[in-house]
Amino acid sequence: MLNNIGSSNSTIIQPAGFYIIGLRSMPYTNVYVMFLTVLYVITVICNVFLISIIVYDQRLHVPKFMAVANLAVVDLILSTSLVPGMIKTYIALDNFVPFNLCLLQMYTYYTFTCLESLSLCILSYDRFIAICLPLRHESINTNSRMAYIISAVWFFCVVIVLYAVLSILTLSFCGSHEMNSYFCDYTPVLVLACSDITPQLNFATTATILFLGVASIFIFFTYIGILSAVFRMKNSQSRFKALATCTEHLILVCLYFVPIAIIFNLTFFGIIWNPNVGLVCLSLSSLFPPCVNPVIYSLKTKEIRSRIYSSLTRRLFVNPLKNVH
């Protein structure tokens with residue numbers, strides 16, 4: 001069923017929806033989606049737990065943990081934009097997505113993918129100020145300034161992705177409605193249009209380079225500054241402590257940027273590979289970091305570990321006393 005919008009001279013043909021056919025030819029697709037569902041459950045539990053600790057503990061209301069909580073919220077919504085839809089498509093075997101719902105999923109996914117990369121930039125900025133300008137850290141990186149930075153990043157991503165998604169409403173879809181992806185992806189939807197999609201593709205390429213290229217370059221140069229500051233330290237213990245505070249962030253950066261950079265370059269330079277392999281890599285690169293991020297911060301960050309330990313010991317010692325009385 002097609003919907004005609006506009007005058008007779010410039011009619012825009014919108015479909016009722018799209019059929020998702022990506023990964024259909026891959027064996028044991030349902031098993032793979034069940035594995036992603038387990039990852040999603042872990043992601044939800046761990047990120048909600050991390051957010052709760054930061055929100056309820058006044059001692060963690062500092063710029064660093066504002067940035068960590070922001071990343072946890074982004075991870076939670078990013079994974080939620082994908083997994084429930086995949087369960088519907090591959091477990092419930094309902095691969096039809098209504099047009100408006102498709103645009104909503106696309107908008108949510110790309111907004112929070114954009115926020116993921118920029119949230120990692122915010123964390124690298126926090127580490128740069130803390131290590132390179134330790135005496136001015138508290139005056140430069142205040143709670144209010146961190147709140148402004150996070151708000152600006154959210155506004156930027158919301159507006160940029162909204163423009164990209166709304167541009168699809170200007171296209172006509174008069175051919176196949178089968179989309180070779182595992183969700184309502186931007187480029188697979190564009191290639192189904194029978195209108196000129198050059199402006200949308202150019203905008204998507206520019207946005208991808210901006211969000212991934214500029215973000216990775218920013219993180220790279222902040223760590224050049226951090227390393228130069230660390231190696232100027234005379235005390236080896238201080239040097240080790242400074243490097244240790246950056247470890248968890250570097251792990252997150254590698255987990256997120258390296259797979260996406262490899263996939264983008266292979267696709268950009270037209271290197272042929274199995275489409276299923278590409279879709280599996282894309283889905284893992286979108287869902288694995290949100291699962292691992294809170295675990296890494298819980299295990300590697302001393303402040304989070306100590307808060308978890310104190311809350312657990314408080315419960316263990318308080319509850320027996322209540323039972324005695």
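Residues are numbered from 1 along each chain as its sequence is written, and side-chain values use heavy atoms, with hydrogens and water left out. Because the model is predicted, local features need pLDDT of at least 70 and side-chain atom pairs count only at pLDDT 80 or more, while totals for chains, interfaces and linings use all residues.

The chain has 11 helices and 5 strands; these are DSSP runs numbered from the N terminus, helices being H or I with at least four residues and strands being E with at least two. Of the 325 residues in the chain, 45% are buried. Buried means under 20% relative accessible area, exposed means over 50%, and partly exposed lies in between, with a 1.4 Å probe and protein chains only. Among contacts (heavy atoms within 4.5 Å) with a separation of 6 or more, 77% are between residues 24 or more positions apart.

In soluble globular proteins, nonpolar side chains tend to be buried together. Here the largest nonpolar core has 91 residues, and Ile168 and Phe173 have the most contacts inside it. Helix 4 (residues 99-132) gives the largest share of this core, 17 residues. A nonpolar core is a set of buried Ala, Val, Leu, Ile, Met, Phe, Trp, Tyr and Cys residues joined through side-chain atoms within 4.5 Å. Leaving aside residues up to four places away in sequence, Ile168 touches Phe99, Leu103, Met106, Phe173, Tyr186, Val189 and Leu190.

A pair of aromatic rings is described by the distance of the centres and the angle of the planes. Rings of Phe, Tyr and Trp (its six-membered ring) pair if their centres lie within 6.5 Å; planes under 30 degrees apart count as stacked, over 60 as edge-to-face and the rest as tilted. The count by this rule is 14 aromatic pairs. Tyr32 and Phe35 form a tilted pair because their ring centres are 6.5 Å apart and their planes are at 35°. Both belong to helix 1 (residues 29-56), where a spacing of 3 residues separates them by about one helical turn. Tyr32 is buried at 13% relative accessible area, whereas Phe35 is partly exposed at 42%. Elsewhere, ring pairs join Tyr109, Tyr110, Tyr182, Phe183 and Tyr186 into a cluster.

Rolling a probe the size of a water molecule over the atoms shows where empty space is left. On a 1 Å grid over the protein atoms alone, a cavity is a set of points where a 1.4 Å probe fits but cannot get out, and a pocket is an open set with protein on both sides within 12 Å along at least five of seven lines; lining residues have an atom within 4 Å of a point. Grid points are joined across faces, edges and corners, and a volume is the space filled by probe spheres set on the points.

The largest pocket holds about 1200 Å³. It is lined by 39 residues, with Tyr110, Asp185, Thr187, Phe264 and Leu282 closest to its centre. Helix 8 (198-231) gives the largest share of this lining, 8 residues. The lining has 26 nonpolar, 12 polar and 1 charged residues; Ala, Val, Leu, Ile, Met, Phe, Trp, Tyr, Cys and Pro count as nonpolar, Asp, Glu, Lys and Arg as charged, and the others, Gly among them, as polar.

The second largest pocket holds about 540 Å³. Among its 17 lining residues, Arg127, Lys241, Ala242, Thr245 and Glu303 lie nearest its centre, and the classes are 6 nonpolar, 4 polar and 7 charged. Helix 9 gives the largest share of this lining, 6 residues.

The whole structure has 1 cavity of 30 Å³ or more; the largest cavity has a volume of about 40 Å³. Its lining consists of Lys64, Leu123, Asp126, Arg127, Thr245, Glu248, His249 and Tyr297.

Most residues other than glycine have a negative phi, and most peptide bonds are trans. Leu23 has a positive phi near 70° and sits in the loop between strand 3 (17-20) and helix 1. Leu93, with a positive phi of about 60°, is in the loop between helix 3 (83-91) and strand 4 (96-98). Leu23 is buried at 1% relative accessible area, whereas Leu93 is exposed at 60%.
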